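Please look over the sequence and the structure before reading the points below.

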Amino acid sequence: MQVSNYIKLEFPSKSVNEGYARSAVAAFAAQLDPTMEELGDIRTAVSEAVTNAIVHAYPDSIGTIWLKARILEGNILEITVRDKGLGIPDVKQAMEPLYTTGGEERSGMGFTIMESFTDRLRVRSAPGKGTTVTMARRIRVRNTGR
């Protein structure tokens, strides 16, 4: 697919950076003229992916998170969040609603939320090597009457 624009971010896995990542992707997506609902969905999906990396990939240390957003032909926003943390031993199990390794304070709904707010979700992971979450969302072209 043809890429018309992209951004790449790299930041430490500190919880204060989750809001930055969410806002940066929302600002980048604005060029597609999304509705407020679409923008909210994108912000939520990014928030979940970055929070998962912060909480699960690097539970006892600060690591690096890489985020890439691309605009593909067909008004598709593709977002990739990658870490080199602990990895996920069983991706299928981790994607089940309510499954968590983050303790009682975690809901286990991160992947379910990402899946419900995007058109496509792919999770690749290897124990000890990290996880890559790729999400895609088509932004509807609006008839602005211009």
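The structure is a predicted model, in which local features need pLDDT of at least 70, side-chain atom pairs count only at pLDDT 80 or more, and totals for chains, interfaces and linings use all residues. Residues are numbered from 1 along each chain as its sequence is written, and side-chain values use heavy atoms, with hydrogens and water left out.

**Overall make-up**

- The protein chain has four helices and five strands; helices (H or I, at least four residues) and strands (E, at least two) are DSSP runs, numbered from the N terminus.
- Read from the N terminus, the elements follow the order β-α-α-β-β-α-α-β-β.
- Of the 146 residues in the protein chain, 45% are buried; buried means under 20% relative accessible area, exposed over 50%, and partly exposed in between, with a 1.4 Å probe and protein chains only.
- Among contacts (heavy atoms within 4.5 Å) between residues at least 6 apart in sequence, 64% join residues at least 24 apart.

**The nonpolar core**

- In soluble globular proteins, nonpolar side chains tend to be buried together.
- A nonpolar core is a set of buried Ala, Val, Leu, Ile, Met, Phe, Trp, Tyr and Cys residues joined through side-chain atoms within 4.5 Å.
- The largest such core holds 36 residues, of which Val50, Leu67 and Leu77 touch the most other members. Helix α2, residues 36-57, gives the most to this core, with nine residues.
- Apart from neighbours within four places in sequence, Leu67 is in contact with Ile7, Lys8, Leu9, Phe11, Ala21, Val25, Val46, Val50, Thr80 and Val81.

- Helix α1 spans residues 16-29, and its buried residues are Asn17, Glu18, Gly19, Ala21, Ala24, Val25, Ala26, Phe28 and Ala29.
- The cover over the buried residues of α1 includes β1, α2, β2 and β3.
- Asn17, in helix α1, has a relative accessible area of 16% and is therefore buried. Beyond its neighbours within four places in sequence, Asn17 is in contact with Phe11 and Pro12.
- Arg22 also belongs to helix α1, and it is partly exposed, with a relative accessible area of 24%.
- Although Arg22 and Ser47 are 25 residues apart in sequence, their C-alpha atoms are 5.7 Å apart in space. Leaving out residues up to four places away in sequence, Arg22 touches Arg43, Val46 and Ser47.

**Residues in the loops**

- Ser13 lies in the loop between β1 and α1, and it counts as buried because its relative accessible area is 4%.
- A polar atom of the side chain of Ser13 lies 2.8 Å from the backbone nitrogen of Gly63.
- Not counting residues up to four places away in sequence, Ser13 touches Ile54, Tyr58, Ser61, Ile62, Gly63 and Ile65.
- Asp33 is placed in the loop between α1 and α2 and is partly exposed at 34% relative accessibility. Its phi is near 60 degrees, a positive value in a residue other than glycine.
- Asn75, in the loop between β2 and β3, has a phi near 60 degrees, again positive in a residue other than glycine.
- Gly85 is found in the loop between β3 and α3 (91-94), and at 8% relative accessibility it is buried.
- Gly85 and Tyr58 are 27 residues apart in sequence and 5.5 Å apart in space, C-alpha to C-alpha. With residues up to four places away in sequence set aside, Gly85 touches Ala57, Tyr58, Gly128, Lys129 and Gly130.

**The second largest pocket**

- On a 1 Å grid over the protein atoms alone, a pocket is an open set of points where a 1.4 Å probe fits, with protein on both sides within 12 Å along at least five of seven lines, and lining residues have an atom within 4 Å of a point.
- About 200 Å³ of space lies in the second largest pocket; grid points are joined across faces, edges and corners, and a volume is the space filled by probe spheres set on the points.
- Its lining has 13 residues, with Trp66, Leu67, Lys68, Thr80 and Arg82 lying nearest the centre.
- At least two lining residues come from each of β1 (3-12), β2 (64-72), β3 (76-83), β4 (120-126) and β5 (130-138), and β2 gives the most, with four residues.
- The lining divides into three nonpolar, three polar and seven charged residues. Here Ala, Val, Leu, Ile, Met, Phe, Trp, Tyr, Cys and Pro count as nonpolar, Asp, Glu, Lys and Arg as charged, and the others, Gly among them, as polar.

How values were computed:
A polar contact is a pair of N or O atoms within 3.5 Å; within protein, one must be able to donate a hydrogen and the other to accept it, and residues adjacent in sequence count only if both atoms are side-chain atoms.
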